[in-house]
Amino acid sequence: MSLRSDGQYRCDKCGVDVGNGGVQSGAVISTVQRDDPVRPVVYHLCREPREGAPYGCEGQTFGPATLANYTETRTPQT
């Protein structure tokens with residue numbers, strides 16, 4: 001979430017108003033600026049359930065299948 005010029009905190013992906021308290025429960029994603037790889041860029045995605053996004057934008061970006069490699073122990077296939 002980013003504090004916008006109107007004084008509201010909004011999700012960096014969908015723009016939903018998450019309120020000041022929602023900032024602490026957002027997912028933080030870091031990347032680098034494409035034209036300046038030294039400078040990091042941080043995005044905050046909401047986790048507030050809503051129609052079409054039961055886990056907010058965080059769930060759309062990092063769903064169970066995407067995170068399985070980090071949350072499950074797997075045996076490599078040979």
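Biologist: Leaving aside neighbours within four places in sequence, which residues is Pro-49 in contact with?

Modeller: Pro-54 and Gly-56. Keep in mind that this is a predicted model.

Biologist: Noted. Where is Pro-49 found?

Modeller: In the loop between β4, residues 36–45, and α1.

Biologist: Is Pro-49 buried or exposed?

Modeller: Pro-49 counts as exposed because its relative accessible area is 53%, and the cut-off for exposed is over 50%.

Biologist: Let's zoom out. How many helices and strands are there in the protein?

Modeller: There are 2 helices and 4 strands. Along the sequence the pattern reads β-β-β-β-α-α.

Biologist: And what share of the residues counts as buried?

Modeller: 19% of the 78 residues. The exposed surface comes to about 6000 Å². Carbon and sulfur atoms supply 50% of that area.

Biologist: How much of the contact set links residues 24 or more positions apart?

Modeller: 25%, taken over the contacts with a separation of 6 or more.

Biologist: Which residues make up the largest nonpolar core?

Modeller: That core has 6 residues. They are Met-1, Cys-11, Ile-29, Leu-45, Cys-46 and Cys-57. As background, nonpolar side chains in soluble globular proteins tend to be buried together.

Biologist: Take Cys-57. What does Cys-57 touch, not counting residues up to four places away in sequence?

Modeller: Cys-57 touches Cys-11, Leu-45 and Cys-46, among others. Its list also includes Lys-13, Cys-14 and Arg-50. Cys-11, Leu-45 and Cys-46 are also listed in the largest nonpolar core.

Biologist: Is Glu-58 buried or exposed?

Modeller: Buried, and yet Glu-58 has no salt bridge.

Biologist: Which side chain of opposite charge is nearest to Glu-58?

Modeller: Arg-47, at 4.0 Å. Arg-47 is also one of the residues that Glu-58 touches, and the others are Ala-27, Leu-45 and Cys-46. That count leaves out residues up to four places away in sequence.

Biologist: How many salt bridges does the structure hold, then?

Modeller: 2 salt bridges. Arg-4 pairs with Asp-12, with the closest N and O atoms 3.6 Å apart. Asp-6 pairs with Arg-10, and there the closest N and O atoms are 3.9 Å apart.

Biologist: Switch to Asp-17. Where does Asp-17 lie?

Modeller: In the loop between β2, residues 9–10, and β3, residues 27–33. Asp-17 is partly exposed, at 39% relative accessibility.

Biologist: Which residues is Asp-17 in contact with, beyond four places in sequence?

Modeller: Gln-8, Tyr-9 and Arg-10. With Gln-8 there is a polar contact, side chain to side chain, at 3.4 Å.

Biologist: And how far is Asp-17 from Leu-3?

Modeller: 9.9 Å in space, C-alpha to C-alpha. In sequence they are 14 residues apart.

Biologist: Last stop, Thr-61. What does the side chain of Thr-61 reach?

Modeller: The backbone oxygen of Cys-57, at 3.0 Å. Thr-61 is found in helix α1.

Biologist: Why is Thr-61 called partly exposed?

Modeller: Because its relative accessible area is 30%, which falls between the 20% and 50% cut-offs.

Biologist: What does Thr-61 touch, leaving out residues up to four places away in sequence?

Modeller: Lys-13, Ile-29, Leu-45 and Thr-66. Thr-61 and Leu-45 are 8.9 Å apart, C-alpha to C-alpha. Their separation in sequence is 16 residues.

Key
Residues are numbered from 1 along each chain as its sequence is written. This is a predicted model: local features need pLDDT of at least 70, side-chain atom pairs count only at pLDDT 80 or more; totals for chains, interfaces and linings use all residues. Side-chain values use heavy atoms; hydrogens and water are left out. A nonpolar core is a set of buried Ala, Val, Leu, Ile, Met, Phe, Trp, Tyr and Cys residues joined through side-chain atoms within 4.5 Å. Buried means under 20% relative accessible area, exposed over 50%, partly exposed in between (1.4 Å probe, protein chains only). Contact means heavy atoms within 4.5 Å. Lys and Arg count as positive and Asp and Glu as negative; His and the chain ends are not counted. A polar contact is a pair of N or O atoms within 3.5 Å; within protein, one must be able to donate a hydrogen and the other to accept it, and residues adjacent in sequence count only if both atoms are side-chain atoms. Accessible areas come from the Shrake-Rupley method with a 1.4 Å probe; for residues, only the protein chains shown count as cover.
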